[in-house]
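Hi,

Here is the structure I said I would pass on.

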Amino acid sequence: MLEEYKQKYTKPVIQYSVLEPNGLVLESDNGLFENFEKKNISDIHPFFETIIPILGESIEKETIFSCVHLNIESKEIISDIILQTFKNNKKPLLVIQDLTTHYNNYQTTAQVRNESVINSQILELKNTYLKEKEAFKNTFIANFSHELRDPLTGILTFSNILSKTKLDPKQKDYIQILNSTSSFLKKMIDDILDISKIESGKLDLSIEPFNFKKLLDEIKFNYTIKAKQKGLEFNYNYDHKLPEVIGGDAKRLRQVITNLLDNAIKFTHNGSVTFNVSLNQIRAQKASIHFEIIDTGIGIKEENFEDIFTSFNQVNKNESYKGTGLGLAIVKYLVELTNSKIKVVSNYGKGSTFSTNINFISNPSLKVTKEIDATKVVFNPSKKYNILLVEDSEIIQLSVLKILATRGQFFLDIVSKPEEVLTRMVDYDNEVDLVLMDIKLKEHRGDEIARQIRKLPEPHQRKVPIIAMTAKVFKEDLKLYKKAGINEVLKKPFDENQLLEIIAKHLE
Amino acid sequence: MKISKKIVLLGHFGVGKSSLIRRFVENTFSENYKVTIGVHIFKKNVEIPEKDTDVSLVIWDLEGNDDINNTRLSYLIGTNAFIYVYDVTRPATYENLQAEIDFLKEKQKNTPIKVVGNKNDLVTKAFLKENNDNFGRLTDLYVSAKTGNQVDFLFSKLAESLL
Ligand SMILES: Nc1nc2c(ncn2[C@@H]2O[C@H](COP(=O)(O)OP(=O)(O)O)[C@@H](O)[C@H]2O)c(=O)[nH]1
Ligand SMILES: [Mg+2]
């Protein structure tokens with residue numbers, strides 16, 4: 001019985017053949033394929049051409065070929081092929097083993113694996129491409145914004161100077177408009193530059209002690225006026241438990257608060273804007289401070305809560321809401337840089353509340369280093385100063401000239417080549433008190449010239465304060481300037497007060 | 001007896017080895033990817049008018065590997081020429097080009113190797129130029145199984161050079 005079943009149901013999986021050294025099949029058991037006998041094996045399938053030279057080797061050797069696809073007389077199998085040769089002219093043995101089922105399973109696994117590897121490589125490639133594109137965009141924006149700054153400095157300075165001349169009321173109005181639109185333009189350029197820094201990971205906080213209360217008072221003052229101009233009420237609640245001086249990045253904190261307040265005023269048409277600041281706790285020299293900006297404006301739909309913080313994404317596409325739409329994206333990033341989160345709750349049509357808790361350094365020994373009141377920059381009235389301006393942009397030359405001229409206390413020399421700078425520096429009869437140095441001169445670099453000044457033989461000459469004027473203020477740039485011996489950097493575009501303030505600081 | 005030459009195609013998986021052979025042998029192409037396991041063997045006659053003869057090419061289409069060291073060495077026995085294929089669009093397939101070629105040179109001394117960059121239909125000439133210092137300097141020919149560009153040329157020049 002068993003033998004009968006075996007005969008009937010066993011599928012042969014192996015074929016043995018004995019060959020002549022030239023490839024002629026002497027015997028074959030027809031286990032898998034029929035009609036092997038009397039043929040040359042190399043005519044049966046091109047695979048066997050490869051084994052012919054081995055057949056002639058009269059040594060005891062086993063050669064294995066695994067996973068070979070054979071297609072013979074329209075029967076297809078995947079097989080392992082074993083060739084056994086012998087010493088003493090014994091005829092070689094060829095074994096073909098059918099492993100089709102086994103290898104088909106392997107094929108399925110390999111298919112899945114290879115496809116997923118290839119897909120992930122393609123994805124990686126796409127990502128690199130996208131990153132390159134993104135980096136290009138950011139550099140482009142950064143460079144482009146820098147180019148806008150010189151002309152903008154010119155516009156801001158001259159409209160400022162113009163506003164101080166004798167004007168009739170109509171002209172005064174025009175100047176007012178010129179001033180506010182160019183300030184608005186400056187703000188937009190600054191935002192775009194900030195975003196490009198943020199997106200390329202080049203923006204860092206600079207932590208220093210500052211007068212927190214004074215900063216808030218200033219903001220309150222400005223926004224009470226801004227709100228009133230739009231017919232809105234401005235409420236400000238200050239928690240008297242808050243420390244007056246804290247350590248943090250004052251400039252970026254101001255940016256967060258004013259961006260949120262600007263946003264609140266922009267989208268509120270009647271009612272009020274409320275600004276609350278309170279102390280959560282002080283622990284281990286850390287003050288956790290709660291900020292809250294509440295408006296009664298148009299509100300935000302819940303599905304848009306995420307979108308409002310995305311670059312260049314103005315949820316409200318209505319044309320009457322001007323701006324780049326970058327303000328909130330910057331807020332979100334800056335807040336996250338302090339390891340915190342910005343929260344928004346809103347009632348569509350009724351108003352929104354933005355809030356965040358930010359940690360600052362707080363301890364009683366914190367002192368604000370030096371603060372110069374921008375509105376009252378004073379110089380020793382009995383002295384005259386020699387300022388050397390190294391600059392080749394005529395707009396900036398004129399701007400600086402005009403600003404310093406208003407004080408009547410400065411002699412200004414303007415040069416643009418390294419030789420001229422050094423010649424002027426060693427003029428003993430008329431010593432330079434301070435150098436204002438443009439960094440990107442047409443043919444030279446200001447930081448290089450600064451290096452040369454720092455090598456002059458006379459101590460008081462080589463120690464002259466050098467202030468760089470530039471729009472390139474990325475971290476790497478600042479490091480470079482410092483290494484070149486530059487004392488401080490004045491960021492372009494600058495206004496009258498910023499220039500005078502920085503000069504005053506270094507002329508003491 | 002007719003002259004017969006064994007040509008082995010090697011390279012990472014998915015670079016288009018099987019497609020190049022299919023283009024050469026059957027003059028067809030498919031976008032579908034069926035992973036090759038083990039080896040498939042094809043045979044095609046090539047006429048060499050210059051030498052007034054013809055050669056039968058026995059072409060071995062090997063399973064692709066991301067490391068040539070995993071190649072089953074018995075497959076290489078008796079090889080007359082290698083075609084090493086990479087995919088110009090996937091850096092992983094040409095990152096170790098030099099090392100892979102060196103491996104072959106060591107295993108089969110004096111066997112000619114043709115290095116071809118496949119899928120040139122997917123990239124521009126400028127891209128190939130930009131990468132001259134990268135894969136370009138090691139490459140003999142850029143081809144496309146999809147368009148058939150340079151495929152016949154590759155095999156027939158190789159056959160001719162083997163005579
Ligand atoms: N665009 C394009 N795709 C190709 C080309 N050659 C092969 N492919 C595709 O690439 C994939 C892998 O091809 P295949 O020949 O199986 O690669 P192998 O693993 O090296 O044998 C398949 O989806 C093919 O359709 C080519 O020249 N151009
Ligand atoms: Mg294949």
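**The ligand site in chain B**

An oxygen atom of ligand 1 is 2.9 Å from an N or O atom in the side chain of S18(B), which makes a polar contact by the definition used here (a pair of N or O atoms within 3.5 Å; within protein, one must be able to donate a hydrogen and the other to accept it, and residues adjacent in sequence count only if both atoms are side-chain atoms). Taken alone, ligand 1 exposes 580 Å², and the protein buries 93% of that; accessible areas come from the Shrake-Rupley method with a 1.4 Å probe, and for residues only the protein chains shown count as cover.

Before going on, the ground rules: this is a predicted model, where local features need pLDDT of at least 70 and side-chain atom pairs count only at pLDDT 80 or more, while totals for chains, interfaces and linings use all residues. Residues are numbered from 1 along each chain as its sequence is written, chains are lettered from A and ligands numbered from 1 in the order in which they are written, and side-chain values use heavy atoms, with hydrogens and water left out.

Back to ligand 1. One of its nitrogen atoms is 2.7 Å from an N or O atom in the side chain of D121(B), and an oxygen atom of the ligand is 3.2 Å from a polar backbone atom of V15(B). There are 20 residues around ligand 1, and G14(B), S19(B), S30(B), E31(B) and D121(B) come nearest (near means a heavy atom within 4 Å). That shell divides into six nonpolar, nine polar and five charged residues (Ala, Val, Leu, Ile, Met, Phe, Trp, Tyr, Cys and Pro count as nonpolar, Asp, Glu, Lys and Arg as charged, and the others, Gly among them, as polar). Its largest share, three residues, comes from helix α1 (residues 17-26) of chain B. Helices (H or I, at least four residues) and strands (E, at least two) are DSSP runs, numbered from the N terminus.

**The rest of chain B**

Chain B has four helices and six strands, in the order β-α-β-β-β-α-β-α-β-α along the sequence. Of its 163 residues, 53% count as buried (under 20% relative accessible area; exposed is over 50% and partly exposed in between, with a 1.4 Å probe and protein chains only). N96(B) sits in the loop between β4 (81-87) and α2 (97-107) and is partly exposed, at 46%. Its C-alpha atom is 9.6 Å from that of F135(B), 39 residues apart along the chain.

C67(A), at about 55 degrees, belongs to strand β3 (residues 61-72) and is buried, with a relative accessible area of 0%. N339(A), at about 65 degrees, lies in the loop between α8 (327-337) and β11 (343-347) and is exposed, at 74%.

There is also a cis peptide bond from K492(A) to P493(A), with omega near -5 degrees. P493(A) is in the loop between β17 (488-491) and α14 (496-506).

Lastly, S28(A) is in strand β2 (residues 25-28) and is buried, at 10%. Its side chain makes a polar contact of 2.7 Å with the side chain of Q15(A).

Cheers
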